[in-house]
Amino acid sequence: MLKRRHGSILKRHGSDKRRRGSSSSVELELLPHDVIELILERLPVESLRRFRSVSKKWISTIDSPRFQSRQLNLRRQSRGHDLLFVAYYEDPPDNVAQHALGSSSSCRYRTVKFPFPNLLLCYGSCDGLVCLFCIDTPNVVVNPATRWHRSFPFSSLQRRIIDKGPPFGSNPIYELGFGKDKLSGTYKPVWLYNNSSKFGLDNVTTCEVFDFSTHSWRNLVPSSPYPILRFQKPVYFDGSLYWLTDCVEETKVLSFDLHAETFQVICKAPFADDAPRPSNVVLFILDDCLCASEKTWPTQVIWSLDSSSKTWKQMCSIDLTNTFPLFDRCGLMPLPVAILEKNKLYLHGRNYLEPLMLHDLNTKSFEVVSTPTTPGDCIYYFESLFSV
């Protein structure tokens, strides 16, 4: 009742303002500000950006971290996440695709492009923020909903590669992760890379952490005790980043606590092969759990990790026969992106221009949702007002 009654007042305010100009501000003063806040918290980001023009008090409210946190939490509780396709080319087609997924019209699939050439996307999003990077281009954090962005400088890894060239033939594995220190509320980009003899470094890996408060990178000692597996993007979940390790005896799951800034092996990976092909395995987030998947053609198995017992449970097994030739049989395995209504699994191909596909876990059917016209990545995503 509160939402319906006062929501109509806000709509009436918009039309009144067009007719009467600033005189409608008198009407707004009749509403207690705490009631206005309750109404605003339930509005989408696009509407909140417009309502910032109402008054300085509204700007102060909408821009406050407390309000932005409540707005994001309410969005998560009320309608779940959207899917976002981030195009990598500087000038992809101008049309923006947006349509409902499944039978839930509240979940949207959107395509966005950014005016930053040659960038790649860190896995997933954090509080509605996404992080893009490239070896020879300054890194940037972006809020796709508000179009706010902030660049941050080259790390020492990027500068070494710019100066000496990429260390081809010497295990050139490096990936940027992005997440949030949940205790202090700060966001941290993190480079973790396997060292190369070309760089003249003796330790197995090097870790660099960026501090937005000082706008500088710092090396972390000690770094990871294990090299990381190629073709793997760090996965952010619940205050930590996760990688798969490149170990001879068995593949492990490595975590990096963004508050304590320490590495820890949390468990063995659930793969049938102790030393799997990197293109056939992947970590990701699904249904608010850390998950892993392995492809052994024609089957792809998905496991979820029990965070308390650190044990794996098989979620499902997918017959990929019907996805061929839409997904490359010999290329990178499809990435599970989201699961809706408990049985609708969305898979996105990680090879060139592969589609977003819906797999019904009950009927075992497949359906192409969208086929990209430009290279990019699909991620789960919540709209927010956050910035760094």
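User: Which residues point one way from E21, and which the other way?
Analyst: Lys344, Tyr346 and His348 go one way from E21, Leu345 and Leu347 go the other way, and all of them are buried. In a regular strand, side chains alternate between the two faces of the sheet. Keep in mind that this is a predicted model: local features need pLDDT of at least 70, side-chain atom pairs count only at pLDDT 80 or more, and totals for chains, interfaces and linings use all residues. Residues are numbered from 1 along each chain as its sequence is written, and side-chain values use heavy atoms, with hydrogens and water left out.

User: What makes E21 a strand "largely enclosed by the rest of the structure"?
Analyst: Buried means under 20% relative accessible area (exposed is over 50%, partly exposed in between, with a 1.4 Å probe and protein chains only). Five of the five residues of E21 fall in the buried class, so the strand is largely enclosed. As for the names, strands are DSSP runs of E with at least two residues, helices are runs of H or I with at least four, and both are numbered from the N terminus.

User: How do you know that E20 and E21 are paired?
Analyst: Two strands pair if DSSP finds at least two bridges between them. E20 and E21 have five, and they run antiparallel. Leu340 stands opposite Lys344 in E21. Three residues sit between the strands of this hairpin, where Glu341 takes a positive phi near 55°.

User: Which way does E21 run against E22, and how many bridges join them?
Analyst: E21 (residues 344-348) runs antiparallel to E22, with five bridges. Leu347 stands opposite Met357 in E22.

User: Why is the pair of Phe210 and Phe212 called edge-to-face?
Analyst: Rings of Phe, Tyr and Trp (its six-membered ring) pair if their centres lie within 6.5 Å; planes under 30 degrees apart are stacked, over 60 edge-to-face, and the rest tilted. The structure holds eleven such pairs. For Phe210 and Phe212, the centres are 5.0 Å apart and the planes meet at 80°, so the pair is edge-to-face. Phe210 counts as buried at 1% relative accessibility, and Phe212 does too at 10%. Together with Phe152 and Trp217, they form one aromatic cluster.

User: What makes Arg76 a charge over a ring, and which ring is it?
Analyst: The rule asks for NZ of Lys or CZ of Arg within 6 Å of the ring centre and within 35 degrees of the ring normal. The charged end of Arg76 sits over the ring of Phe382, 5.2 Å from its centre.

User: What does "pocket" stand for, and how much space lies in the largest pocket?
Analyst: On a 1 Å grid over the protein atoms alone, a pocket is an open set of points with protein on both sides within 12 Å along at least five of seven lines; a cavity is a set where a 1.4 Å probe fits but cannot get out, and lining residues have an atom within 4 Å of a point. Points are joined across faces, edges and corners, and the volume is the space filled by probe spheres set on them. E24 gives the most, four residues.

User: How many of the residues lining the largest pocket are nonpolar, polar and charged?
Analyst: There are 25 nonpolar, seven polar and six charged. Nonpolar covers Ala, Val, Leu, Ile, Met, Phe, Trp, Tyr, Cys and Pro; charged covers Asp, Glu, Lys and Arg; the others, Gly among them, are polar.

User: How much space lies in the second largest pocket?
Analyst: About 700 Å³. Of its 27 lining residues, Arg76, Phe237, Asp288, Tyr380 and Phe382 are the closest to its centre. H6 gives the largest share, four residues. The lining splits into twelve nonpolar, six polar and nine charged residues.
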